[in-house]
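Subject: Structure for your files

Hello,

Please find the structure below. My notes come after it.

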Amino acid sequence: MTATNEGGGLLLAGDLGATKTDLALYRADSWPGPPLRQQTFRNRDFAEFDGLLAAFLAERTRPAAICLGVAGPILDNAVHMTNLSWSIAGAALQARFGCSQALLINDLVATAAGIPWLAPADVRSLNPDGQPAAGAAMAVLAPGSGLGEAFLVPHGDLFLPFPSEGGHASFAPRTAEQIELLSFMTSLHGHVSVEQVCSGLAIPELFAFAAANRPVPAWLATELVQAVDRTPAIVQAAIGAVHRGKPCDPAVQALHLFLDILADEAANLALKTLALGGVFIGGGLAARVLPLIEASRFMAVFARGVHRQMLARIPVQVILNPQTALLGAAALGIRALGSDSAATSST
């Protein structure tokens with residue numbers, strides 16, 4: 001079949017994480033309508049991204065533009081992914097797939113760009129007293145395989161997203177137990193970043209720390225030996241203990257540590273960006289552990305220090321829509337495609 005561009009108004013948007021990739025095709029003239037086509041891929045099935053993208057397009061369609069949210073720092077429109085061996089360059093994608101532009105953005109920039117497009121049902125509030133300040137910045141952090149961070153600043157009628165590598169900043173313990181945790185983690189890693197104690201990858205080590213002084217139920221020990229990924233088993237054990245009366249002290253404590261550190265880091269990010277418009281918690285892990293989040297405990301950790309009253313007024317919301325980063329990539333891609341069209345028509 002001959003490849004087509006469908007009138008030059010077709011955008012391919014993507015959300016590339018450590019384990020999976022979501023791709024979607026949008027028509028610029030029907031945005032923000034639903035995608036023409038969307039598909040999710042397991043990254044482990046492909047040696048490199050070009051092969052995955054070729055499988056999605058299947059020689060049927062060539063988009064006018066590509067915008068990809070990618071888990072990793074973007075330098076000169078290229079990236080080597082943080083937790084995956086893929087290297088991607090925008091110029092190479094343009095050359096291979098015949099599009100006018102290929103824009104790479106950090107995955108948390110994509111998530112941030114998607115926030116203005118969320119519906120009320122797409123979020124769950126943790127702060128009933130939160131009141132967004134008009135025209136103020138917003139921030140997003142997302143514990144998943146790692147810990148991503150970004151923020152939005154107002155610019156006219158728009159909010160412009162900016163990246164951050166704050167997840168790799170040093171972990172600062174807040175309690176005596178967290179000081180012990182830092183010592184435990186330092187013995188394993190040397191430098192301990194926030195990501196290493198506040199992400200899906202961190203959960204097994206938080207559990208190991210908690211289990212040093214708490215018995216592990218035999219049924220969970222068996223599950224963990226057999227599990228390829230221990231994080232889901234530990235999360236489910238904690239949920240079972242809290243909501244179904246199936247005791248598992250180390251799992252509960254590991255998740256309490258995770259959520260307390262998440263609340264503290266959310267406050268740190270709010271202070272550093274003055275995110276009085278709201279703090280949004282994204283990533284697949286946050287939605288999965290929602291049954292364990294005690295809003296009052298979370299906000300008690302979040303609203304602290306010299307500016308506790310200011311922090312207490314900031315809306316804090318968990319993102320429930322798993323397509324937020326894809327929405328953001330599409331929004332930025334549509335904007336770039338429109339700018340490119342305007343530039344072309346004026347020459």
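Predicted model: local features only at pLDDT ≥ 70, side-chain atom pairs only at ≥ 80, totals over all residues.

Residues are numbered from 1 along each chain as its sequence is written, and side-chain values use heavy atoms, with hydrogens and water left out.

Cysteines. A search of the whole structure gave zero disulfides (pairs of cysteine sulfur atoms within 2.5 Å). C99 is in none, the nearest cysteine sulfur being that of C67, 11 Å away. For C248, the closest cysteine sulfur is in C198, at 20 Å, which is too far for a bond. C99 is buried at 8% relative accessibility, and C248 is buried at 1% (buried is under 20% relative accessible area, exposed over 50%, partly exposed in between; 1.4 Å probe, protein chains only).

E149. This residue lies in strand 10 (residues 147-155); strands (E, at least two residues) and helices (H or I, at least four) are DSSP runs, numbered from the N terminus. E149 is buried but has no salt bridge, and the nearest side chain of opposite charge, K272, is 6.8 Å away (Lys and Arg count as positive, Asp and Glu as negative; His and the chain ends are not counted).

Salt bridges. The structure holds seven, each a side-chain nitrogen of Lys or Arg within 4 Å of a carboxyl oxygen of Asp or Glu. One of them joins E177 and R214, with the closest N and O atoms 3.6 Å apart. E177 is in helix 4 (residues 176-189) and R214 in the loop between helix 5 (203-211) and helix 6 (218-226), so the pair ties together parts 37 residues apart in sequence.

Regards
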